[in-house]
Amino acid sequence: MHNAVIVLVFLLTYFGMAAGRLPWLRVDRTGIALLGVIALLGLEAATLDDIAGNVDTSTLVLLFALMIISAQFAASGFFDLCVQRIMSLGGGPMPLLALTVAVCGGLSAVLVNDILLFGLTPLLIAGVRRRGLDPRPFVLALAAATNAGSAATLIGNPQNIIIGQLGNLSFWSFLGACAIPALVSLAIVFAVIWFRWRDRMETTEVLPPDLPEVALHPHDRIQTLKGVVAVVVLIASFATPLPHETGALLIAALLLLNRKFTSRTMIAAIDWPLLLLVACLFAVTGALRDTGVPWQIISSLQDIGLIPSNLSVMAPLTLLMSNTLGNVPSVIMLLQIWPDPPQGALYALALLSTLAGNFLLVGSLANLIVVEHAQRYGVRITFAEHARVGIPIALLSMAFAVIWLAYWGWLPIFPGGAN
């Protein structure tokens, strides 16, 4: 009965992850995950000690520290400067779109996506409108390029951070495995969006009168330089024996010792709901792992060759899971129930789950953040509009990634292949 209660709570929690919210209630994925933890405690299926033991603290600490580093760039006006430079580019919409994809993709490889997107989305919309262009293709490019660019590094997005921490992966080996597919994916993002929107880039939209003002941050060179130094030191620290989370936390602490910005301002920029979502999912999936049920499932799947230790299983699995459960919940679930996955499988999981996030609007947190934030500023992206560019972007990007990973021997295409 004890195990049955945990399995039921797990299933209900992940059904909620797939639905995105509770019917007739304004409860999002974070609220659903928190309710799952409360249910485990209330039904006495787990204790507070059990919950705490299943949460990977090092992952949360690293994610927190990286958010502080990203907040430094937002507060310094660096994002404002980036958009100003993009919009100052001469020529028509084609170079403007290309530079948007390149800049957003590059920034997403080293900065936490949610803080990046909260800052860039309104600035990009305002800048594009000043040029007399339709903001929608640029909003789509921002979301897709962020997903694609973040696939390149271990610190590019939450799921990569989780995979890197739990798998104890090398930053530089990960970069070698995933950087080229990420760059190719950025090129695909530009090509697909330009092909779909090239004849409809200009607009004469009538803006509603009640749009919120876009908050502007005057650029502070010194504070931006501090952020750049922080990122360089962070990446350099990955080549040392110092634990990733410790190095990142020390750098974040130095940024908090700031005469320009209050610590309250920096801490307020943290995406606390995302941290809570990750912690709660660790607790729920950890409780399931402790029942022993996942081992039985994994053993059965292994007997019939359906373990995702090859690309013929990994690619469709990540595409399905990222666009139903979401890439962060699906990665946490898979890593909690899959004992000792090979290193190549971890690279493939990070890369493919991130690229799969472009498939549908619900495929990644980045998509939802951009679209919901854009709507506040009068730009409405429909599910169909996203799918028209997202599906070809995801399929083409994942196809190249599969070929790349197989060619270099990171993971075989079929079961029993050379690795």
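Trainee: Which residues does Phe238 touch, not counting residues up to four places away in sequence?
Mentor: Bear in mind that this is a predicted model, in which local features need pLDDT of at least 70, side-chain atom pairs count only at pLDDT 80 or more, and totals for chains, interfaces and linings use all residues. Residues are numbered from 1 along each chain as its sequence is written, and side-chain values use heavy atoms, with hydrogens and water left out. Contact means heavy atoms within 4.5 Å. With sequence neighbours up to four places away set aside, the residues that Phe238 touches are Ile155, Phe171, Trp172 and His244.

Trainee: Is Phe238 buried or exposed?
Mentor: Phe238 sits in the loop between helix 11 and helix 12 (244-256); helices (H or I, at least four residues) are DSSP runs, numbered from the N terminus. Buried means under 20% relative accessible area, exposed over 50%, and partly exposed in between (1.4 Å probe, protein chains only). With a relative accessible area of 8%, Phe238 is buried.

Trainee: How many disulfides does the structure hold?
Mentor: A disulfide here is a pair of cysteine sulfur atoms within 2.5 Å. By that cut-off, the number of disulfides in the structure is 0.

Trainee: Why is Cys104 too far for a bond?
Mentor: Cys104 is buried, with a relative accessible area of 3%, and Cys82 counts as buried too, at 13%. The closest cysteine sulfur to that of Cys104 belongs to Cys82, and it is too far for a bond because the distance is 8.3 Å.

Trainee: Cys82 also belongs to a helix. How many residues of helix 5 are buried?
Mentor: Helix 5 covers residues 78-87 and is mostly covered. Its buried residues include Phe78, Phe79, Leu81 and Cys82, and they pack against helix 4 (57-75), helix 6 (93-108), helix 7 (113-130) and helix 11 (221-237). The count of buried residues in helix 5 is 8 of 10.

Trainee: And Ser70, which residues is it in contact with, leaving aside its neighbours within four places in sequence?
Mentor: Ser70 is found in helix 4 and counts as buried at 1% relative accessibility. Leaving aside neighbours within four places in sequence, its contacts are Phe79, Leu111, Val112 and Ile115.

Trainee: Now for the rings. What angle lies between the planes of Phe174 and Tyr347?
Mentor: Rings of Phe, Tyr and Trp (its six-membered ring) pair if their centres lie within 6.5 Å; planes under 30 degrees apart count as stacked, over 60 as edge-to-face and the rest as tilted. Phe174 and Tyr347 form an edge-to-face pair, 5.8 Å centre to centre. Phe174 is in helix 10 (residues 171-197) and Tyr347 in helix 18 (residues 343-356), 173 residues apart. The angle between their planes is 75°.

Trainee: Why is the pair of Tyr347 and Trp410 edge-to-face?
Mentor: Tyr347 counts as buried at 0% relative accessibility, whereas Trp410 counts as partly exposed at 25%. Their ring centres are 5.1 Å apart, and the pair is edge-to-face because the planes lie at 85°.

Key. Helices (H or I, at least four residues) and strands (E, at least two) are DSSP runs, numbered from the N terminus.
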